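Here's a quick briefing to read alongside the structure.

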Amino acid sequence: MKKSVYNGLYVVIAILLVLPFVMPNSFYLDLAVRMAINAVIVLGLNLLIGFAGQISLGHAGFLGIGAYASAVLPTHFGWHPLLAMGAGAVATGILAAVVARPIFKLKGNYLAMATLGLGIIISIALRNEAQWTGGPDGMPVPAMGLFGFELSNDKQWYWVVALLLSVSVWASLNLIDSPFGRALRALHGSEVASQVVGVDVVRYKVAIFVLSAVFASLMGSVTAHYVGFVSPNFADFFHSIELVTMVVIGGMASVYGSLVGAVLLTALPQALATFEGWETVVFGAILMLSMIFLPKGLVPTLAAKFGKGE
Amino acid sequence: MSMLEVKDLSIHFGGVKAVQNVSFNIDSGIVYSVIGPNGAGKTTLFNLITGVYKPTTGEIRLDGEAIHGKSPNELATRGVARTFQNLQICMNMSAVENVMVGAHLRLDRNLVKAALRFPGLKKRDRELRAEAAELMAFVGLEQYVETRADAMSYGALKRLEIARALAMKPRLIFLDEPAAGLNPKETIEVDHLIRKIADAGVTVVLVEHDMKMVMNLSDRILVLDYGKKLAEGTGEEIRKNPDVIAAYLGAHA
């Protein structure tokens, strides 16, 4: 990997800086915030799926823990939103580590199954603990205050999220091209080869799983505060699948692919709204076609075509 | 005291006794070859010593310390490197990155420092890349440094594995059929390469079918047949051993 991978980061920052000034109305600004939030989640998930080759089908569950930590702890216990956010992230990290360790000691990819179950358990728990979570109806989330300054309008949120996204892209690029990142990619390429050069495979898999889960939890909290409301659908299995789809469509093991996947699949339902009732079908057809014609995902396929390579 | 001591080593896969009561010692600084017909248990023996398999019974000692049952990554910390008969290259990475992974244990692997790009890390990475490129030149792959591994030929990948193993700065290296599938010219190059590795002071354990290469390089040879030790000795002793001749020519002794 040469210096040029960081050039993409400057493009991303430039787009983020210009975007709010060319937005025709607040509908698009809201869409941009959602895209950016999804992009950060998908970046974390792609580190796990694309780079380390481990599949999680329960990431929405981790989003749910973060989101509900930010809803429940300030509402019922009067915690500061930042503290609640941190608590959600720590709880998610511990849960992810406890679940992942025994799974990664098994040979074969059992993580997909385990996370599938975990995600469903989390969403059921959120639905059933109605006295705390509001049950299926969800609950409102108090506003996020930062140093006595309340984040209220979309513009402010946009800048916060744009900053988070830029930092995440930068950190992901750094991580991939480091000894840690190379060890991750190596265990994906050949587990036994990475072991014999000294990579503690279980430790690395657990570390990246926990990292991506914590990413998801933090962004779950951000989403909860931004939207001002949480419901159990947020932690749903279908949301997990949507996130995995973003990774796959954008391009596995591609930082910029994560962004493209998140942006496209966040926009797609809006663009398809004109199909009234048929949008799910059209959505499915687009996914199928892109899998047939772009099996490596959008960004890697295009990069290979134009000879840039990532 | 020998560097590596193997005593009564056995492994059973169900009813199959792939390696049975094999004992031998390897002294530091030599080239030690393991030969035998296909299915004799040579690769299984490598997998046992490098921790990929756990022995059913027996002992393996490195510098007097028991290492049987330890995992491959623990053995890597003790300076044991290996290559594979059926390539184990990370096809999702470039050639030089494959070699850089070999240096894993010598690096600062901290996740947080890497993500936040702590000062000094990138510089260390550049040095490492230069070092890996040098190793690639050492094995004769200097023109492939930035090539993606999946775009390289079989013969080149064989040598790339050796470069990755050398990046560990090992004391003991296991080469599993480094010349398999290579053309005669490439085979001679690998022969010279192994000589250079041994001359650099690394103890080499070699599994190879190319007898010319084995006889040329080896200080000592172990012959396996059906998982058992058939003979051990210098090239000359092995060449004259009637049991070995019988096993190789298929005669009934």
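Lys7(B) sits across from Glu59(B), a residue of S4(B). That's in a predicted model, and the pairing behind it joins strand S1 (residues 4–13) of chain B to strand S4 (residues 57–62) of chain B, antiparallel, with five bridges.

**More on S4(B)**
- S4(B) also pairs with strand S5 (residues 65–66) of chain B, again in the antiparallel sense, this time over two bridges.
- Across that pairing, Arg61(B) faces Ala66(B) in S5(B).
- The hairpin of S4(B) and S5(B) has two residues between the strands, and Asp63(B) takes a positive phi near 50° there.

**Chain B overall**
- Count up the secondary structure of chain B and you get 10 helices and 10 strands.
- Chain B has a radius of gyration of 19 Å, close to the 18 Å that the globule rule gives for 253 residues, so it is as compact as a globular protein of that length.
- Along the principal axes, its C-alpha atoms fill a box of roughly 65 × 40 × 35 Å.
- Some 45% of the 253 residues of chain B count as buried.
- Of the chain B contacts with a separation of 6 or more, 64% are between residues 24 or more positions apart.

**Where the chains touch**
- Chain A puts 26 residues into the contact and chain B puts in 30 residues.
- On the chain A side, the elements giving two or more residues are helix H7 (154–176), helix H8 (179–189), helix H9 (191–196) and helix H10 (201–227) of chain A.
- H8(A) gives the most to that side, with nine residues.
- By class, the chain A side splits into 14 nonpolar, nine polar and three charged residues.

How values were computed
Residues are numbered from 1 along each chain as its sequence is written. Chains are lettered from A and ligands numbered from 1 in the order in which they are written. This is a predicted model: local features need pLDDT of at least 70, side-chain atom pairs count only at pLDDT 80 or more; totals for chains, interfaces and linings use all residues. Two residues are in contact if their C-beta atoms, placed from the backbone, lie within 7 Å. Helices (H or I, at least four residues) and strands (E, at least two) are DSSP runs, numbered from the N terminus. Ala, Val, Leu, Ile, Met, Phe, Trp, Tyr, Cys and Pro count as nonpolar, Asp, Glu, Lys and Arg as charged, and the others, Gly among them, as polar. Two strands pair if DSSP finds at least two bridges between them. The radius of gyration is taken over C-alpha atoms; the globule rule is 2.2 Å times the number of residues to the power 0.38. A residue is buried if 20 or more other C-beta atoms lie within 10 Å of its own, exposed if 12 or fewer, and partly exposed in between; C-beta atoms are placed from the backbone.
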